[in-house]
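My notes follow in the order in which I looked.

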Amino acid sequence: MEEVFKKLRIQLELEEWPNVYMFKFIMPNENEKIAKITAMFDQGAEIHFQPSSNDKYICITAKEMMLNVDSIIEKYVEASQIKGVIAL
């Protein structure tokens, strides 16, 4: 799985950490999946929800203070385990 995030890791290593990072996911608008994604983030994270026009899908944007590149990659790996979630 780490190979998938190699390009992202290279880009993120150009930034200074800790820093605020914005995660964005598109997924089916299902309560269980939404709960799993939101549970990945700390209570202090800024999370926004934008349902699609037909309410079938939802876009979740989360901004959180991240300590390093590894912590960001870990969240993407965790999200990739949830069926139907697409990370942007």
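I count a residue as buried under 20% relative accessible area, as exposed over 50%, and as partly exposed in between (1.4 Å probe, protein chains only). With that cut-off, I find that 35% of the 88 residues of the protein chain are buried.

I note that this is a predicted model, in which local features need pLDDT of at least 70 and side-chain atom pairs count only at pLDDT 80 or more, while totals for chains, interfaces and linings use all residues. Residues are numbered from 1 along each chain as its sequence is written, and side-chain values use heavy atoms, with hydrogens and water left out.

I then looked up the secondary structure, taking helices (H or I, at least four residues) and strands (E, at least two) as DSSP runs numbered from the N terminus. The protein chain has three helices and four strands, and their order along the sequence is α-β-α-β-β-α-β.

For contacts (heavy atoms within 4.5 Å), I looked at pairs in the protein chain with a separation of 6 or more, and 68% of these join residues 24 or more positions apart.

Next I turned to helix α2 (residues 31-39), where K33, I34 and I37 are the buried residues. Seen down the axis of α2, these fall within an arc of 100°, so they line one face of the helix; the arc is that of the directions from the helix axis to the C-beta atoms. Their cover includes β1 (19-28), β2 (46-51), β3 (57-66) and α3 (69-80). On the face of α2 turned away from the buried side, I find the exposed residues N31, E32 and A39.
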